[in-house]
Amino acid sequence: MDRERLEAQLAELPLYQYAFIRTEDLCFSERIRWICEHECPMYGKTWACPPAVGSVEDCRARCLEYEDALLIATITEVGDIANIEETLSTRAPHEEITRRVLDLVREQVEETMVLSTEACAICERCAWPDAPCRHPDRMFPCVESHGIVVTDLAEKTGVDFYAEGNLVTWFSLIFYK
């Protein structure tokens, strides 16, 4: 991959920060999955979420099939950070940026896999568990659905995780080979 070329292209996008990582630096945790299962209203409702994505060990194995990944972050401001509906409504612009970065990465590599912020909002009603995903090429499972500890990754890469005030930081991982 020509990182210099890609970084010049990334500079033209409204990214907050980004970092190239080695997948061996990812930290996976069953605790993150436990939070999905017990605190997320999307658990068991989409192909992008557990249990449809497989066990944490399955997810770990899938991620480690790739040696490299690109972590991207966008930031947005909301009126009230405690308002989860308002906060979640800001995901769409991040997903659009993720798709744009994915297109840039795909210009240079043979294979990609993306994890992002979605519990998947592409279809009004997900086909899970009765039928296959209708849009597997557009559906990006959530980073946390794979048990990845985003705070650990942000700390290791120097990407800011916590913003002050009413700022929301969204993350995506684009795995490539």
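Helices here are DSSP runs of H or I with at least four residues, strands are DSSP runs of E with at least two, and both are numbered from the N terminus. This is a predicted model, so local features need pLDDT of at least 70 and side-chain atom pairs count only at pLDDT 80 or more, while totals for chains, interfaces and linings use all residues. Residues are numbered from 1 along each chain as its sequence is written, and side-chain values use heavy atoms, with hydrogens and water left out.

**View 1. Thr117 sits in a loop and is tucked away.** Find Thr117 in the loop that runs between β3 (112-115) and α6 (150-157). Its relative accessibility is 9%, so Thr117 counts as buried (under 20% relative accessible area; exposed is over 50%, and partly exposed is in between, with a 1.4 Å probe and protein chains only). Leaving aside residues up to four places away in sequence, Thr117 touches Arg91, His94, Glu95, Cys142, Trp170 and Phe171, where a contact means heavy atoms within 4.5 Å. With Glu95 there is also a side-chain to side-chain polar contact, at 2.4 Å. A polar contact is a pair of N or O atoms within 3.5 Å; within protein, one must be able to donate a hydrogen and the other to accept it, and residues adjacent in sequence count only if both atoms are side-chain atoms.

**View 2. Four strands make an open sheet.** Read across the sheet and the order is β1-β2-β4-β3, with antiparallel pairing. Two strands pair if DSSP finds at least two bridges between them. β1 (17-22) and β3 stand at the edges with a single partner strand each, so one side of each has no neighbour in the sheet. From one strand to the next, the twist averages 20 degrees. Helix α1 (residues 3-10) packs on this sheet, touching β1, β2 (68-77) and β4, and its direction makes about 155 degrees with that of β1. For such angles, axes are lines fitted to C-alpha atoms, for helices over the stretch in contact, and the angles run from 0 to 180 degrees between N-to-C directions.

**View 3. Strand β4 pairs with both β2 and β3.** How many bridges link β2 and β4? There are ten, in the antiparallel sense. One to look for is Ala69, whose bridge partner in β4 is Phe175. β3 is joined to β4 (residues 167-176) by four bridges, again antiparallel. Here Thr112 has Tyr176 as its bridge partner in β4, and Leu115 stands opposite Leu173. β4 is mostly covered, with nine of its ten residues buried.

**View 4. Arg22 reaches over to Asp68.** Arg22 belongs to strand β1 and is partly exposed, at a relative accessible area of 35%. Not counting residues up to four places away in sequence, Arg22 touches Glu67 and Asp68. The side chains of Arg22 and Asp68 make a polar contact at 2.9 Å. Now look for Leu70: Arg22 and Leu70 are 48 residues apart in sequence, yet their C-alpha atoms are 8.8 Å apart in space.

**View 5. Aromatic rings come in pairs, and the structure holds four of them.** Rings of Phe, Tyr and Trp (its six-membered ring) pair if their centres lie within 6.5 Å; planes under 30 degrees apart count as stacked, over 60 as edge-to-face and the rest as tilted. Tyr18 and Phe20 have ring centres 6.1 Å apart and planes at 85 degrees, so this pair is edge-to-face. Tyr18 counts as partly exposed, at 29% relative accessibility. Phe161 and Phe171, on the other hand, are stacked, at 5.5 Å centre to centre with 15 degrees between the planes. That pair links distant parts of the chain, ten residues apart: Phe161 is in the loop between α6 and β4, while Phe171 is in strand β4. Phe161 is partly exposed at 27%, whereas Phe171 is buried at 7%.

**View 6. Searching the whole structure for disulfides turns up zero.** A disulfide is a covalent bond between the sulfur atoms of two cysteines; the cut-off used here is a pair of cysteine sulfur atoms within 2.5 Å. For Cys27, the nearest cysteine sulfur is that of Cys63, 12 Å away. Cys36 has the sulfur of Cys40 as its nearest, 6.1 Å away. Is each of these two buried or partly exposed? Cys27 is partly exposed at 29%, and Cys36 is buried at 12%.
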